[in-house]
Amino acid sequence: MIELIRCLASATAVSGREKEICEIIKGEFPALFETFYLPSGDLIVKLPGNRKNAKKIMISTNIDVRGFFVTFIENDGKIRLALSDSELDFSKYIGDTLVSNNKIEAKLLSEKDASPRLSEIYAEVENSNIDSFKPGDVFSLKSEITEENGRISGLNTASRAVIYAMIASAKEVSHTHDIYFVFNSCGIPGGRGAKSSTYAIRPDIAVSLRTLESKESCSVLLARDGMSLSSIDFFDKAISCAANSSVDIALSATTTGTRDAWSISTTQTGVPTISLALPCLDLGEKSESVSKDTVSEFSKIITAIAENILN
Amino acid sequence: MSKLNGIDLLKELCAIIAPSSAEAPAAEFIKKQVADSNIEITEDTVGNLVAYKKGNGKSDKKIMISAHMDEVGFTITGIDDDGRLSFSNVGGIDPSVIGGRAVVILGKNGILSGVISAIPIHLRSLEERKKLSPASELRIDIGAKDKADAKQNVSVGDMGTFKSEFTEFGDGNMLYGKAIDDRFGCALMCDIINETKDITFDYDVYFAFTTREEIGYSGALITSERIAPDIALVLESTAVADLANVPEASQVAHLSQGPAISFADRSTIYGEEIFNFILDTAKASNIKAQAKCFVSGGNDAGYVHSVGIGVVTAAISVPTRYLHSASCVIAKEDYFSTKALIKAIIESDIEKIVPERKVGAI
């Protein structure tokens with residue numbers, strides 16, 4: 001588990017620049033899985049059902065993380081930056097290590113000690129590397145993934161653990177219906193990828209997977225996810241799926257997070273959608289952590305829902 | 001009407017009064033300019049105009065090239081007792097470029113001239129003088145004697161734009177005028193349609209002249225939903241800040257350096273492949289082009305890129321000083337660089353960067 005999460009966390013996945021992480025995910029699936037990309041950058045893994053008139057179940061999560069775009073390289077070597085998402089609080093990462101899409105490390109620095117503006121921060125790399133950069137390149141915040149006392153910690157651990165759980169589930173699940181595991185691009189800046197995938201697949205039911213700041217030790221089924229309200233029928237069925245599989249599940253609601261569930265549920269004529277969250281602590285911080293047991297249970301509930309929610 | 005091209009065409013297009021939702025005069029002009037050019041023209045209910053050029057069948061990909069016909073302007077919201085008109089802006093207009101400006105209004109009996117008036121400076125406190133007046137505190141003076149006089153020519157809801165003479169200046173390479181955003185793109189597309197009328201491309205090409213960009217991109221949304229292109233090239237104008245007191249890193253782009261290619265703006269994160277492909281194509285063709293070095297603004301691409309299963313989209317913008325003002329400044333040579341680049345892209349193997357279309361087969 002930790003090896004794959006570490007690998008996922010080290011891949012470039014800044015919104016709109018998810019190709020590297022997609023290729024890692026794709027590489028996890030043997031040739032018998034049908035995988036393809038959409039123009040939006042989404043990666044879809046299809047498991048065809050073996051029953052007549054199979055319906056379509058879409059299980060998706062966004063794979064992007066917040067980061068920086070290179071906007072300008074000054075003569076003195078300062079690399080000026082823009083945010084991939086306006087909610088990135090860059091000030092708390094001053095002094096931290098960044099990693100570029102071409103795997104060059106940099107320091108995030110500021111010309112001002114307190115409350116710098118975006119125009120006052122920059123990335124600094126070794127002089128020999130400066131010619132490797134151009135506007136449009138990206139930097140991610142370096143994530144150091146560690147394991148201690150049954151918990152995996154590090155920036156973006158939780159969202160990478162959701163991806164891990166999806167991959168694990170896809171390898172285990174028996175599929176009488178068509179099941180689509182969807183790894184969405186650009187979830188953070190508005191749920192663009194989720195909309196494109198939904199349009200392409202036109203599922204009968206969608207399960208939107210996400211992270212949630214929570215002290216729960218089991219997966220959390222969300223009655224409300226941002227602007228999206230879970231489909232009542234499928235919400236109840238998901239609870240039954242968990243009970244029948246002897247997997248604990250907590251119920252909650254939140255107004256925070258990406259807009260994936262809303263994008264899915266409102267595409268075309270609408271899609272019944274439920275949201276399932278992996279609980280974590282210190283979401284968005286370098287100390288962000290998830291329980292290994294909870295990640296395993298999260299994978300099991302994904303499998304249980306995929307196998308049974310349409311039965 | 002004789003057909004125009006290049007800067008002469010741009011000049012005539014910029015002279016048309018066509019704020020958002022009142023683009024019909026621009027559309028009529030464009031239809032005449034591209035007539036008899038081996039294209040099929042369609043219009044929809046919100047005024048979008050699409051010129052379709054069928055490909056030779058070698059590729060099943062569809063390219064949409066788009067530019068919006070509308071311009072920023074004003075809509076009349078009331079008439080005061082003294083005959084002056086209250087108004088609100090149509091599109092984003094910097095308050096600093098409004099006061100004292102000459103405007104034209106599409107009145108019920110024809111086009112009216114007016115001037116935007118403000119409270120005289122000697123009647124404003126020192127504190128008030130430091131602030132810019134928002135549109136709600138300004139009025140348009142059309143020379144009416146009183147409310148009744150004004151009402152004979154103007155109604156609430158009438159629209160207007162800046163009044164400005166399209167002018168060449170400096171060394172002859174510089175131009176200024178209103179509505180360069182985005183008659184620039186419209187003129188360019190007309191030119192390309194006319195210059196390639198005897199050529200058949202590998203791709204089906206849709207030249208979309210869209211409406212209502214300045215008030216929320218709705219024309220482009222409708223057009224791209226209908227066309228469902230594989231690739232979209234959104235022709236735009238981008239604000240630059242290439243001024244001495246602006247740090248170089250914040251200057252966005254530079255005039256005379258070719259079109260600015262965006263990797264991201266406030267409405268879109270553009271694909272890495274198409275961003276690199278366009279800059280590489282420009283370099284290989286010896287055409288000037290530059291990366292837009294600042295994340296700002298938004299445009300029709302915000303909707304276009306997210307239509308259907310997603311559209312591989314690029315924004316290609318002419319660097320423009322004083323955008324959304326009566327005197328937008330561009331470099332003439334950027335017009336020709338942009339045109340050459342668009343042609344080079346259409347003639348390239350750009351389809352290689354588009355994933356195989358799977359919709360319906362999934």
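Trainee: Which element gives the largest share of the lining of the second largest pocket?

Mentor: That is E13(A), with six residues. This is a predicted model, where local features need pLDDT of at least 70, side-chain atom pairs count only at pLDDT 80 or more, and totals for chains, interfaces and linings use all residues. Residues are numbered from 1 along each chain as its sequence is written, chains are lettered from A and ligands numbered from 1 in the order in which they are written, and side-chain values use heavy atoms, leaving out hydrogens and water.

Trainee: What do pocket, lining and strand mean here?

Mentor: Helices (H or I, at least four residues) and strands (E, at least two) are DSSP runs, numbered from the N terminus. In chain A, strand E3 (56-62), helix H3 (157-172), strand E13 (205-213) and H6 each supply at least two residues of this lining.

Trainee: How many residues of each class line the second largest pocket?

Mentor: There are 13 nonpolar, twelve polar and 13 charged residues. Ala, Val, Leu, Ile, Met, Phe, Trp, Tyr, Cys and Pro count as nonpolar, Asp, Glu, Lys and Arg as charged, and the others, Gly among them, as polar.

Trainee: And which element leads in the largest pocket?

Mentor: There, E5(A) gives the largest share of the lining, four residues. By class, that lining has 18 nonpolar, 17 polar and nine charged residues.

Trainee: Where is B:His324, and is it buried or exposed?

Mentor: B:His324 is in the loop between strand E16 (312-320) and strand E17 (328-331) of chain B. B:His324 is buried (under 20% relative accessible area, with exposed over 50% and partly exposed in between, using a 1.4 Å probe and protein chains only), at 15%. B:His324 also has a positive phi of about 65°. A:Lys103, at 39%, is partly exposed.

Trainee: Which peptide bond is cis?

Mentor: The bond from B:Asp181 to B:Asp182 is cis, with omega near 15°. B:Asp182 belongs to helix H5 (residues 180-195) of chain B.
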